[in-house]
2 protein chains.
Amino acid sequence: MDDAAPQTTPLDAPGRSPRTDQAAQDAREGDGGSGVQHMKWWGWGREGVSFDHRDKPKLQPFVLEKVGVDLDTPGRPALDFDELPVPDSRAPEELLAALRTAAGDGHVHTGAMERVVHTYGKSLRDLLRLRAGDLPRTPDVVVYPGDEDAVRAVVDAVADAGAVLIPFGGGSSISGSLHPRADEQRPVVSLDLGRMNRVLEVDEHSRLARVQAGVLGPDLEDQLGARGWTMGHVPDSFTHSTLGGWIATRSSGAQSDKYGDIADLTRALRVVQPGRVVATRPVPSEATGPSVRDMLIGSEGRLGVITEAWVQVHRLPENRQILGYFYPSFEAGLAAMRDIAASDASTVLTRVSDANETAFSFATGKRSRGVSHLVSSGLKTVLKRRGWDLDAICLSFVGFEGGADAVKANQAVVKKIVKAHGGIVVGKGPGTLYDQKKFDTPYIRDYILDRGALADVSDTAASWSTLLPLYRHVREQADRAFARVGVQGWIMCHLSHSYHGGACLYFTFAFQQVSETPLVEYDVVKGAIQQAFVDAGGTLSHHHAVGTEHAQWLAEDISPAGRAMLGELFAAVDPQGQMNPGAIVD
Amino acid sequence: MDDAAPQTTPLDAPGRSPRTDQAAQDAREGDGGSGVQHMKWWGWGREGVSFDHRDKPKLQPFVLEKVGVDLDTPGRPALDFDELPVPDSRAPEELLAALRTAAGDGHVHTGAMERVVHTYGKSLRDLLRLRAGDLPRTPDVVVYPGDEDAVRAVVDAVADAGAVLIPFGGGSSISGSLHPRADEQRPVVSLDLGRMNRVLEVDEHSRLARVQAGVLGPDLEDQLGARGWTMGHVPDSFTHSTLGGWIATRSSGAQSDKYGDIADLTRALRVVQPGRVVATRPVPSEATGPSVRDMLIGSEGRLGVITEAWVQVHRLPENRQILGYFYPSFEAGLAAMRDIAASDASTVLTRVSDANETAFSFATGKRSRGVSHLVSSGLKTVLKRRGWDLDAICLSFVGFEGGADAVKANQAVVKKIVKAHGGIVVGKGPGTLYDQKKFDTPYIRDYILDRGALADVSDTAASWSTLLPLYRHVREQADRAFARVGVQGWIMCHLSHSYHGGACLYFTFAFQQVSETPLVEYDVVKGAIQQAFVDAGGTLSHHHAVGTEHAQWLAEDISPAGRAMLGELFAAVDPQGQMNPGAIVD
């Protein structure tokens with residue numbers, strides 16, 4: 001990344017299109033280009049779109065104080081792709097020929113850029129590996145089938161060749177679900193669904209849409225929106241993740257309180273396995289034995305290739321409002337979220353940040369606006385008079401959609417609960433800002449990584465009574481881990497995705513890079529946080545999936561017998577281990 | 001059943017307890033009694049509780065007209081248990097000894113009554129088989145473990161002995177999930193969870209309860225209610241089905257609109273398999289690969305024995321109201337339910353009967369009360385003036401719970417939708433009656449069976465746009481089937497369980513017994529209805545499960561590859577086919 005590059009588009013430039021850099025990518029492609037666009041091979045988002053801290057005056061001092069990294073130092077020079085030690089493709093000509101027959105001549109690629117783009121997701125580990133030139137194994141070939149028949153032919157060709165198949169959606173995985181095993185001796189085929197990106201059908205009476213799995217979030221919402229519908233699924237990766245990826249990883253979007261997790265809103269699936277297609281019906285509920293649909297959701301490629309799904313869609317809401325609230329403590333905020341979840345109020349999203357994340361939000365405010373000005377005004381005096389510790393303020397958002405009466409009634413119920421927990425209503429400003437900026441965090445991660453700070457995220461879910469002790473345990477274990485590796489570290493958290501019996505806690509952590517082997521330190525910190533999740537009764541991930549990154553905690557989470565069952569299922573459906581081997585259960 | 005028996009308690013006697021007949025059952029038991037109570041070996045409910053039509057003056061002429069059966073003819077004499085050709089137990093002494101060690105001496109039973117009670121569920125097929133003395137195979141022994149350790153020991157003993165294990169909850173299955181295969185050569189053990197019936201823990205902060213799987217519905221609600229909580233799960237079988245049975249069959253209760261299906265409200269499970277226990281955590285949502293919890297829900301004993309679960313519980317509602325509505329047609333009612341599901345209104349239950357079922361409801365009214373008087377009054381004139389066909393009236397119920405404001409607001413939203421579809425509000429009377437009588441239907445089934453009419457139910461679910469064509473197709477196919485077997489038949493339907501994208505349709509059918517081999521006619525009629533479900537795009541069952549009864553439609557429903565996957569899962573977890581073999585996938 002080069003701050004001085006004239007073609008760099010800031011994140012919030014008006015009219016910024018994620019699709020403007022195709023020519024550049026095609027040019028680098030080497031073998032003609034697939035017509036499918038990808039993120040930067042070395043980081044988040046499209047080439048030419050990046051974060052910049054210079055109009056956010058509070059961020060530099062904040063990061064310097066908390067992580068010991070000075071954002072004003074120039075970023076490291078952009079990586080040079082040509083210096084990457086990309087291993088040669090090992091795809092035998094016979095397999096390539098079969099794939100060309102299956103997907104069409106122009107849709108089978110073995111160029112170095114294509115293979116590198118399809119090697120990793122976007123976890124910090126993935127980025128650090130790329131920066132270290134750690135590429136022991138890439139896919140040998142990338143294939144872009146254009147329809148389900150082509151997918152079937154590709155899957156059969158891979159099966160017949162004794163090769164390995166790894167499905168690829170948007171490439172936004174942060175759980176290590178995409179890379180081939182380092183010691184994989186068989187040819188590895190990356191199957192990119194990017195050409196299969198259409199809404200095939202909207203059953204308006206049933207409020208269901210049949211959609212191809214390779215569609216990216218914005219494209220999907222554009223196609224649905226043109227007909228007056230929305231899926232309402234907005235994970236943080238939304239701009240660069242696909243429907244198929246969401247389903248394969250059991251994704252959850254910020255608006256899950258209303259629209260449901262992907263597991264709720266996916267009503268039917270088509271999944272290609274060697275020699276067959278599993279196809280379920282778009283029924284709202286069923287008693288047909290263990291749900292095959294639920295078995296395929298979260299399967300991360302281990303059970304085949306998701307080609308399309310029936311998903312729930314909703315009419316674009318009449319009204320939408322995200323209100324901001326402040327709480328005097330995270331405890332108070334959690335308690336309020338819990339009460340809201342059981343109240344008569346219907347909400348679209350519920351979110352509360354701890355004091356650290358609130359401070360970070362204040363620090364990312366622009367010169368001219370942002371949430372921080374809210375506490376620069378007379379409010380400060382009011383809160384102090386109430387006895388609030390201003391450093392402990394916790395920012396919260398609650399979203400409402402629906403008819404005017406319902407929105408008003410729901411806001412009134414929520415307001416009462418907020419007040420009962422000592423909170424106050426801040427108004428619409430911060431919510432609007434949140435709505436605009438919610439997809440920007442990974443750009444910041446890349447930006448500070450270029451300047452010597454390692455940052456990543458870990459998410460969990462737990463019952464309401466487990467959340468607070470879990471939160472404290474994670475904080476404590478992270479601090480110990482920072483001390484163990486001798487770094488200045490920072491950890492912050494928010495609750496999002498409320499359910500009847502619990503919620504998701506989402507942690508972001510960062511620390512100074514202190515050695516030339518940052519993965520050693522990363523493993524200590526990330527490992528401590530994940531271990532704290534399962535030790536405290538949470539799950540290893542609420543919506544980031546298992547992959548290889550979290551696989552070591554699976555037995556502690558779902559019990560050794562539960563993990564064994566998954567292994568038995570995978571082995572039964574895929575006895576030769578040809579479908580994304582190593583993910584979930586190695 | 002003997003109408004003249006002085007000890008017969010009518011269904012609606014005040015203070016009727018389902019637990020008063022233990023002494024009688026123990027006396028018949030022969031081998032000491034298990035301490036666990038069961039339904040009549042030959043029909044629904046406890047011995048001594050039965051339906052009677054004589055205070056419902058409209059029912060006899062109704063049934064005579066629709067099915068050609070005269071309820072005033074005396075019922076056939078009660079079956080004599082001693083005349084049943086009960087095969088001897090084949091349990092080897094070594095296995096019995098191991099089971100006694102596992103579960104305790106007094107909890108292993110081989111008496112004829114115990115074995116017959118555990119042979120069948122309560123489908124019409126089951127009852128007809130018993131009446132025909134068709135008992136080719138019973139379990140060889142019934143064992144009642146008292147805790148999970150005992151279950152583990154039993155499961156291991158069965159596995160070691162090369163025997164077969166069939167878990168037994170309340171015995172209310174109507175999908176044939178309970179009987180051993182007729183040609184089963186291995187010893188068959190029925191594992192009755194009836195002693196494991198306690199609420200172990202209520203996590204009030206998380207609104208979750210940990211409950212043993214063998215608890216019956218009323219007992220569970222009593223234990224929860226004593227602490228101010230409810231699970232809100234009320235399937236039609238509620239009085240005689242267990243938590244473990246609900247989970248094993250993917251049950252759904254009448255109040256699923258608010259409380260969710262059992263698959264939603266079950267947050268964690270413990271399941272005993274040979275040599276291991278699968279134990280998941282009570283988290284609200286997770287991305288841990290294919291959900292092992294979802295895999296166990298609906299597994300009908302094929303994946304082991306469910307011993308306990310964490311389930312969502314709710315505070316007893318402040319207010320509860322079920323309002324009645326009339327629609328001029330089923331089409332109008334379905335359209336209204338669809339709009340309610342997408343509206344801002346929160347409902348507890350939504351239900352609308354077709355004209356046939358509405359007429360049946362009117363016919364079951366008591367002399368003094370019931371819904372039928374509603375159309376005997378001035379209302380009739382009003383509706384006629386509006387142009388309604390009084391024979392086409394469709395009765396609907398919508399339930400509301402919550403704070404007074406929310407209930408009022410939700411009722412207002414629903415009222416507007418009802419009016420938009422030409423419906424009218426009838427008031428609280430019918431809803432209260434529905435709430436009181438909702439568990440009585442199976443008693444009526446037994447009563448009319450004794451008098452020569454065969455009745456049964458089939459349920460499906462489909463998307464909103466599929467429901468009406470499916471409904472018409474089922475009606476047509478049922479009428480053809482009645483004609484084919486030369487009987488006077490009746491079929492009626494209601495919608496219940498609304499979801500965003502569709503709903504459940506629940507059919508009840510009845511016809512005159514015309515031969516000494518009623519199962520031949522039954523197969524034609526039941527088969528035609530089930531085939532119509534899958535042909536029209538519905539699922540083979542919304543909440544009655546697959547068992548053996550619906551297994552032949554599984555491949556058409558979830559695709560041949562989906563069925564194959566289930567078979568592969570079962571074979572992988574249970575390679576010798578010792579856990580309820582034959583259910584779901586044979």
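**Entry 1: cysteines**

I started with C394 of chain B, whose sulfur lies 9.7 Å from the closest cysteine sulfur, that of C493(B), so the pair is too far apart for a bond. The model I am reading is a predicted one. Is C394(B) buried or exposed? I found C394(B) buried, at a relative accessible area of 1%.

Next I looked up C504(B). Its closest cysteine sulfur also belongs to C493(B), at 8.3 Å, and that is again too far for a bond. C504(B) is buried too, with a relative accessible area of 0%.

I then asked how many disulfides a search of the whole structure finds. My note reads 0, over all chains. As a reminder to myself, a disulfide is a covalent bond joining the sulfur atoms of two cysteines. The cut-off for calling one here is a sulfur pair within 2.5 Å, so the 9.7 Å from C394(B) to C493(B) rules that pair out. The 8.3 Å between C504(B) and C493(B) rules out that pair as well.

**Entry 2: a sheet in chain A**

I moved to chain A and traced an open sheet of 7 strands, paired antiparallel. I wrote its order down as β17-β14-β16-β15-β19-β20-β18. Which strands are at the edges? They are β17 (424-427) and β18 (453-463) of chain A, each pairing on one side only. From one strand to the next, I noted a twist that averages 25°.

**Entry 3: helices on the strands**

I checked what packs on the sheet. Helix α18 (residues 464-485) of chain A does, and it touches β18, β19 and β20 of that chain. The direction of α18 makes about 10° with that of β20(A).

Helix α12 (residues 330-342) of chain A lies across β14 (319-327), β15 (349-353), β16 (394-402), β19 and β20 of chain A. I read its angle to β15(A) as about 170°.

**Entry 4: where the chains meet**

Last, I turned to the interface. I count 83 residues of chain B in contact with 83 residues of chain A. The two chains bury about 6300 Å² between them, with 57% of it on carbon and sulfur atoms.

How many salt bridges does the rule find across the interface of chain B and chain A? It finds 4. I also noted a salt bridge between the side chains of E286(A) and R250(B), at 3.2 Å from N to O.

How values were computed: Residues are numbered from 1 along each chain as its sequence is written. Chains are lettered from A and ligands numbered from 1 in the order in which they are written. This is a predicted model: local features need pLDDT of at least 70, side-chain atom pairs count only at pLDDT 80 or more; totals for chains, interfaces and linings use all residues. Side-chain values use heavy atoms; hydrogens and water are left out. Two strands pair if DSSP finds at least two bridges between them. Helices (H or I, at least four residues) and strands (E, at least two) are DSSP runs, numbered from the N terminus. Axes are lines fitted to C-alpha atoms, for helices over the stretch in contact, and angles run from 0 to 180 degrees between N-to-C directions. Contact means heavy atoms within 4.5 Å. Buried means under 20% relative accessible area, exposed over 50%, partly exposed in between (1.4 Å probe, protein chains only). Buried area is the accessible area (1.4 Å probe) that two parts lose on being put together, summed over both.
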